[in-house]
Amino acid sequence: MVTLNIPLFTWCVIAFAMVALIIIRVCYKNYSQIQHQRHLIEFGKESEEIFIPGDRLEGQEVYDDED
Amino acid sequence: MMTKIEQPMAPVTAGIRMTREGETVKKYCLFLSEYAAWLLGAGATCIRLERNVKRMAEAFDHEVVMTIMPRHIHMTVCNRDRSDSYTYITALRTSMISFDINTRLSELSWAVADGRLDFRQAEAEFNRIVKTPQADKRLVLLLASCANASFCRLFGGDLPAMAIVFIATLAGYYLKQVLCEQKVDMRIIFIMCAFVSSVLGATDALFHLGQTPEIAIGTSVLYLVPGIPFLNSFSDMLAGHYICSFSRFMHAMILTGCLSIGLCGGMMMMNIGMF
């Protein structure tokens, strides 16, 4: 009859649980970083595509500018 | 004929007495209490806290009296002629123990005392210091593991024991960081980390890898020993701050008890005799 080796079983459970925790956390972090990256195809603004030096920058306040 | 020489009075604006720099006693009190709360939260002893705060208060030409409780600071600031005073009770900033913040706050107090910074500049510098980001967690993890492996060597552990202690500490400390992020109770964290580290530290005994398995188990949980609370408790006791001293001692004892529970649990599961 095979008896359960409790120390070995405990060691395996803890070791594999820690390895799994580390792998899951690393994968989750990488996935989160990918989510924050820019997409390959996305809708952009006209100013992002066509910009001539001297054009008004985004967020720049120009008073009395009604073009 | 006697002439009465009048002392130059501080200007009074809308019922609030202003000091020479135009700051009110209230502003000094709020700043000093915030400073004290951060310094205590960063792991400073009561004697250091008292000295630093008094040093700055004297530089601001004020007097300060405070009661340091385990989780609160009760502070009264008054001007030299005691015509105006302000009392404020602030709660301890529950930041992690940080030697960096501790040192920089002490430097700030010396800069104020030496006259290199006025009140406004001191406030700005204080705000910069408290926004200091924490040390890189991965670096701390690696260094703590190396330190524990070195402890194992100091206690006479061989190379396999050192490697096992390094991995056991790495796993336990990583678990501690993850659980701290999840805001789990510190006592539960200590029990869990001590259990995990002791089970992994028993690898040497389980697989017969080296000659010093008992040292590997014993030193695998050393990173959890609350050394700073014990040292601060002793320092506070010598300085006569018995309430803070007792509070810190009890806190350290509870954490040590939790560590022991985890360690005993791990050793029991791994069939390793304690005595």
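Modeller: Before we look at any element, note that helices (H or I, at least four residues) and strands (E, at least two) are DSSP runs, numbered from the N terminus. By that reading, B:Met253 has its place in helix H11 of chain B, which covers residues 242-269. This is a predicted model, in which local features need pLDDT of at least 70 and side-chain atom pairs count only at pLDDT 80 or more, while totals for chains, interfaces and linings use all residues. Residues are numbered from 1 along each chain as its sequence is written, chains are lettered from A and ligands numbered from 1 in the order in which they are written, and side-chain values use heavy atoms, leaving out hydrogens and water.

Colleague: How many helices and strands does chain B have?

Modeller: Chain B has 11 helices and five strands. Of its 275 residues, 43% count as buried, where buried means under 20% relative accessible area, exposed means over 50%, and partly exposed lies in between (1.4 Å probe, protein chains only). Contact means heavy atoms within 4.5 Å, and among contacts in chain B between residues at least 6 apart in sequence, 62% join residues at least 24 apart.

Colleague: What is the order of the strands in the open sheet of chain B?

Modeller: Strands of a sheet pair through backbone hydrogen bonds, either parallel or antiparallel. Two strands pair if DSSP finds at least two bridges between them. Here three strands of chain B make an open sheet in the order S3-S4-S5, and the pairing is antiparallel. Strand S3 (62-68) and strand S5 (85-91) of chain B are the edge strands, each pairing on one side only. On average, with direction ignored, neighbouring strands of this sheet are turned by 15° against each other.

Colleague: Over how many bridges do S3(B) and S4(B) pair?

Modeller: S3(B) pairs with strand S4 (residues 72-79) of chain B over seven bridges in the antiparallel sense, and the two form a hairpin with three residues between them. Within this pairing, B:Val64 has B:Val77 in S4(B) as its bridge partner, while B:Ile68 stands opposite B:Ile73. On the other join, seven bridges link S4(B) to S5(B), again running antiparallel, and B:Val77 has B:Tyr86 in S5(B) as its bridge partner. S4(B) and S5(B) form a hairpin with five residues between them, and B:Arg82 in the turn has a positive phi of about 55°.

Colleague: Which residues of S3(B) are on the covered face, and which are on the uncovered one?

Modeller: In a regular strand the side chains alternate between the two faces of the sheet. In S3(B), the covered face holds B:His62, B:Val64, B:Met66 and B:Ile68, whereas B:Glu63, B:Val65 and B:Thr67 make up the uncovered one. Helix H1 (residues 25-41) of chain B lies across S3, S4 and S5 of chain B, running at about 25° to S5(B); axes are lines fitted to C-alpha atoms, for helices over the stretch in contact, and angles run from 0 to 180 degrees between N-to-C directions.

Colleague: Which parts does the salt bridge of B:Lys137 and B:Glu181 tie together?

Modeller: The side chains of B:Lys137 and B:Glu181 meet at 3.0 Å, N to O. B:Lys137 lies in helix H5 (residues 137-154) of chain B and B:Glu181 in helix H6 (residues 159-181) of chain B, so the pair ties together parts that are 44 residues apart in sequence. Elsewhere, salt bridges that share partners join B:Asp61, B:Glu63, B:Arg80 and B:Arg82 into one network.

Colleague: Which residues form a nonpolar patch on the surface?

Modeller: Patches are made of residues with over 30% relative accessible area and no salt bridge, with like charges joined within 9 Å and nonpolar side chains (Val, Leu, Ile, Met, Phe, Trp, Tyr) within 5 Å. Accessible areas come from the Shrake-Rupley method with a 1.4 Å probe, and for residues only the protein chains shown count as cover. Here B:Phe246, B:Phe249, B:Met250, B:Met253 and B:Ile254 form a nonpolar patch, with about 460 Å² of accessible area together. B:Met253 itself is partly exposed, with a relative accessible area of 39%.

How values were computed: Salt bridge = Lys/Arg side-chain N within 4 Å of Asp/Glu carboxyl O.
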